[in-house]
Amino acid sequence: MLKKYQICIYRIYMNDSFQHKGLRKKLVEIIRGKGIRDERILQAIGSIPRHLFMDSSFIRFSYKDQAFPIGEGQTISQPYTVAFQTELLDVRTRHKVLEIGTGSGYQTAVLLDLGASVYTIERQRKLFLNAQAILGELGYKPHFFYGDGYQGKETYGPFDRILVTAGAEGVPQALLQQLKTGGIMVVPVGSKHGQEMIRIIRRGDDDFERTKHGYFAFVPLLKGTNE
Ligand code: SAH
């Protein structure tokens with residue numbers, strides 16, 4: 001049973017105040033200023049309480065356009081990066097989207113706000129459980145999986161869209177095979193020092209069109225789970 005003070009802390013934590021809303025509006029303008037044009041994405045950033053996805057030590061920085069630690073050596077992505085990857089992914093209502101690297105669950109919430117049906121995989125047990133708790137609390141219902149996203153989720157595929165939110169050394173072949181024809185995959189590819197954002201459109205069975213979209217810094221896509 002929760003003690004009184006625990007309930008009180010919980011309520012403060014779950015609070016979404018006018019101040020938070022004001023800070024979000026400013027964040028949306030910063031991201032718009034950096035070139036994001038899709039109003040649906042800007043609206044999602046403007047309405048999702050990012051502070052509820054943050055590690056408590058960094059809550060005061062929730063609406064800075066920066067990545068922050070979320071524990072287990074991982075990070076919540078920078079809001080601009082979330083918006084940029086989502087824009088490249090061109091998500092439509094009812095799209096079946098596979099997300100590799102649930103992390104905090106913030107990017108998952110953005111995809112769900114766009115009307116997608118989301119299948120999300122995380123390899124760190126603690127983050128997996130945290131993301132499940134907060135997304136559930138906010139009423140979001142993705143399909144959660146604990147495991148190695150490197151292999152994708154063949155039984156639930158093929159997918160309209162695949163988003164990798166960790167830096168891969170190369171494009172995971174299993175994921176390419178789980179993409180529908182006409183589908184889009186967005187994946188940062190490079191070393192642990194930096195990755196190039198790659199967008200892949202599947203034009204046919206063995207026909208993949210790749211384009212490059214600038215450099216980013218993600219935590220690495222790792223094989224296996226943390227157990
Ligand atoms: N979109 C998330 C990004 C989190 S960082 C957010 O904004 O919060 C990337 C995440 O990918 C980390 O949580 C890390 O544990 C996870 N990850 C790395 N390799 C993975 C793999 N092979 N399968 C599933 N998740 C993986």
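Start by selecting Leu222 and the ligand: a polar backbone atom of Leu222 is 2.4 Å from a nitrogen atom of the ligand. Keep in mind as you click around that this is a predicted model.

An N or O atom in the Glu122 side chain is 2.6 Å from an oxygen atom of the ligand. Next comes Arg123, where a backbone N or O atom lies 3.4 Å from a ligand nitrogen. How much of the ligand's accessible area does the protein cover? On its own the ligand has 570 Å² of accessible area, and the protein covers 99% of that.

Leave the ligand for a moment and look at the aromatic rings. A search of the whole structure turns up 12 aromatic pairs. Pick Phe53 and Tyr106: their ring centres are 5.8 Å apart and their planes sit at 75°, so this pair is edge-to-face. Trace the chain from one to the other and you'll see that the pair links distant parts of it, 53 residues apart. Phe53 is in the loop between helix 3 (39-47) and strand 1 (68-71), while Tyr106 is in helix 5 (residues 106-113).

Most peptide bonds are trans, and most residues other than glycine have a negative phi.

- Zoom in on Gly157 and Pro158, which are joined by a cis peptide bond with omega at about -5°. Pro158 is in the loop between strand 5 (143-146) and strand 6 (159-164).
- Then go to Asp90, in the loop between helix 4 (79-89) and strand 3. Is its phi positive or negative? Asp90 has a positive phi, near 50°, and Asp90 is not a glycine.

Methods
Residues are numbered from 1 along each chain as its sequence is written. This is a predicted model: local features need pLDDT of at least 70, side-chain atom pairs count only at pLDDT 80 or more; totals for chains, interfaces and linings use all residues. Side-chain values use heavy atoms; hydrogens and water are left out. A polar contact is a pair of N or O atoms within 3.5 Å; within protein, one must be able to donate a hydrogen and the other to accept it, and residues adjacent in sequence count only if both atoms are side-chain atoms. Accessible areas come from the Shrake-Rupley method with a 1.4 Å probe; for residues, only the protein chains shown count as cover. Rings of Phe, Tyr and Trp (its six-membered ring) pair if their centres lie within 6.5 Å; planes under 30 degrees apart count as stacked, over 60 as edge-to-face and the rest as tilted. Helices (H or I, at least four residues) and strands (E, at least two) are DSSP runs, numbered from the N terminus.
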